[in-house]
Amino acid sequence: MQLAPLIELSRGGTPECLHFGSVAVVNTRGQLLAQAGDPHGITFTRSTLKVLQALPFVEAGGPQQFGFSTAQVALLCASHSGEDMHVTQVQHMLETTGLTYKTLRCGCHVPGIFTLLDQAPPAGLVFDERHHNCSGKHAGFLAYCVQHDLPLDDYLNPSHPLQQAIRREVARAVGMDTADLKMGIDGCSAPNYAMPLSRLAYGYARLASGERDAELGGSFAPLLEAMTTHPEMVSGTGRSDLAFMQAGRGDWVSKVGADGVQVVGSQSRGEAFAIKISDGNKAALFATTVEVLDQLGWLDDAARQALQPWRAQTLLNARGLPVGERRPVFTLQKP
């Protein structure tokens, strides 16, 4: 990929770090509107894929059949922090489908509320698969299997009917052939797909259009409503997706992915942009996201102020003294 310098860190006025990456801005017709770096570079979608992975379940009427609430539909798309509000809802989703957390195949890790906010978990903390950031997505996977009487033990196998259905719907949503999706295995053991960054942005532009999408609007609409109504379920306390969707005041749908991926779509504009930071640096990713919002003219004064903590800014040391600067060094270009 032909990467562009996006964010520079300096110390004492001398450049120290330079984060490279790419940006693609796309509308609902798949037209590339603006770019930085290589807008078509092949990029693993990571957790930005979750909303598209939920399509087969939503298309089959799964949320209605099992009585999932809007907050629980948001959890299908979530990289949640394992807070009580998340675990309680995942547990309810599993109970509704007649399953237990032991059926989940996502694995187990320390709840993100501690690791992501750099806090030590309390002594004696007990956690399980429900606390995994992808447990909502996996609960949806299992519900689809129950709905269609499919095997549960191997629901993550790429050849499983669920995963085959997901691959077909992901390809349809981003306007690609299934054979052109590059597969890898994500951190939660589910298949994940790499695609041109511009195709990922296109999928989110369609998502942001909701019911206006002629092909998938019936499924995009409830997913969009769930994510924008319950951004706290999509992410969690102090998280970027919560901050971005709150700043957008219902207009923006946002999803971050591991290793430097972020997508934001605007309902009112019918546009979305996708970012990939090549070294996966989170601070550089969030700073780039705010700068793209600003350069596209999506920020008003209130949103700009709300997102100030996430943009390029002065660097402070452990004593709170200013020691450097993080600043954007790119300008979006028309193709």
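Predicted model: local features only at pLDDT ≥ 70, side-chain atom pairs only at ≥ 80, totals over all residues.
Strand E11 (residues 322-328) takes part in two antiparallel pairings. With strand E1 (residues 4-11), E11 forms five bridges in the antiparallel sense, and within this pairing Ser 10 lies opposite Glu 325. Strand E10 (residues 314-316) also runs antiparallel to E11 and is joined to it by three bridges; here Leu 316 faces Pro 322. Five residues separate E10 from E11 in their hairpin, where Gly 320 adopts a positive phi near 80°.

The largest nonpolar core comprises 70 residues. The residues with the most contacts inside it are Val 51, Leu 52, Met 195, Tyr 204, Leu 207, Leu 223 and Met 227. Helix H9 (residues 197-209) gives the most to this core, contributing eight residues. Apart from residues up to four places away in sequence, Tyr 204 touches Thr 48, Val 51, Val 253, Lys 255, Val 263, Gly 265 and Ala 272.

Helix H12 (residues 240-247) is largely enclosed by the rest of the structure, because seven of its eight residues are buried. These are Ser 240, Asp 241, Leu 242, Ala 243, Phe 244, Met 245 and Ala 247. The cover over the buried residues of H12 includes the helices H10 (217-229), H11 (231-234), H13 (282-295) and H14 (301-306), together with the strands E7 (252-257) and E8 (261-266). After H12 comes Arg 249, with a positive phi near 50°.

Conventions
Residues numbered from 1 in each chain as written. Heavy atoms only, no water. Pairing = 2+ DSSP bridges. Helix = DSSP H or I, 4+ residues; strand = E, 2+ residues; numbered from the N terminus. Core = buried A, V, L, I, M, F, W, Y, C linked by side-chain atoms within 4.5 Å. Buried < 20%, exposed > 50% of the residue type's maximum accessible area, 1.4 Å probe, protein only. Contact = heavy atoms within 4.5 Å.
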